[in-house]
Each structure stands twice: as structure tokens, then as C-alpha cells.
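Here are a few friendly notes for your next look at this model. Please open the coordinates alongside them.

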Amino acid sequence: MVKILVVDDSQIMRNIVKNTFADMKVPHLCLEAEDGKQALRLLESNDVTIIFLDWNMPGMDGIDFLKVVRGVPKYKDLPIIMVTSERGKFSVIEALQSGATDYMVKPVKDKVFKEKVTELLMLMK
């Protein structure tokens with residue numbers, strides 16, 4: 001079973017990720033956080049398989065969360081996918097240099113999202 005953590009201040013976006021996994025018939029458990037601080041607490045108390053992370057959130061934003069998580073050795077290989085409206089070239093570079101595994105720009109087309117998730121799940125096997 002895949003245990004996903006969706007970190008986004010938008011309930012709609014969190015639902016999109018959950019529904020995509022359900023549509024793909026991937027056995028999963030979905031944890032949700034509205035910001036990076038809440039996500040850190042969930043990550044510490046759960047064995048998460050993959051994280052979908054927004055950039056712009058109140059409290060702790062996605063980049064700060066990413067840097068904290070990548071600073072913990074046991075999370076160095078944890079897949080973290082940025083799913084954000086930040087579409088600038090330098091934003092993508094900053095996210096990848098900070099440790100993001102992949103980067104998707106909102107609004108993400110359903111087909112693209114499913115392809116990236118399928119590819120990632122295959123790599124994790």
C-alpha cells in the first residue's frame with residue numbers, strides 16, 4: 001500500500017490527488033496537511049511513501065519544508081513531488097536544487113499527473 005502525504009492549503013488540490021490515486025486503483029492511504037508545519041508532524045509519526053507538496057502556503061511554505069526534510073538522512077530518498085502554480089524557470093531550479101524529486105505546474109492535466117505517478121511507482125518497486 002502506498003502512503004501518500006498531500007501538503008497543500010487548498011482542499012480542492014488535496015482532493016484531486018486523493019481522487020487520482022483512487023481512479024488509478026492504486027491501494028493507498030492519504031494523509032493531508034495544510035502547511036509545512038502540519039506536514040512535518042505527520043511525517044514524523046507516519047511511514048510515508050511519497051509526498052505531493054505545494055509551494056505557497058501559510059506558515060511553513062513548501063520550499064522551507066523541502067529543505068528541512070532533505071536535511072534528515074532517513075528522508076534523503078523519499079520522493080517529494082512539487083505540485084505548484086510557481087512556473088518560472090528559477091522556481092523549478094530552486095525546487096530541484098532543494099531536493100524535489102519532480103515538479104508539476106498547476107493546473108496539472110489528469111493524464112500528465114497519472115503518467116508521472118505511474119512512472120514514480122514503477123521506479124519505487
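1. Buried means under 20% relative accessible area, exposed over 50%, and partly exposed in between, with a 1.4 Å probe and protein chains only. Thr 84 counts as buried because its relative accessibility is 0%.

2. A word on provenance: this is a predicted model, in which local features need pLDDT of at least 70, side-chain atom pairs count only at pLDDT 80 or more, and totals for chains, interfaces and linings use all residues. Residues are numbered from 1 along each chain as its sequence is written, and side-chain values use heavy atoms, leaving out hydrogens and water.

3. Thr 84 belongs to strand β4, residues 80–84 (strands are DSSP runs of E, at least two residues; helices are runs of H or I, at least four; both are numbered from the N terminus). Setting aside residues up to four places away in sequence, Thr 84 touches Asp 54, Trp 55, Asn 56, Tyr 103, Met 104, Val 105 and Lys 106, where contact means heavy atoms within 4.5 Å.

4. Ala 33 sits in strand β2, residues 28–33, and counts as buried because its relative accessibility is 0%. Its C-alpha atom is 6.3 Å from that of Val 6, 27 residues apart along the chain.
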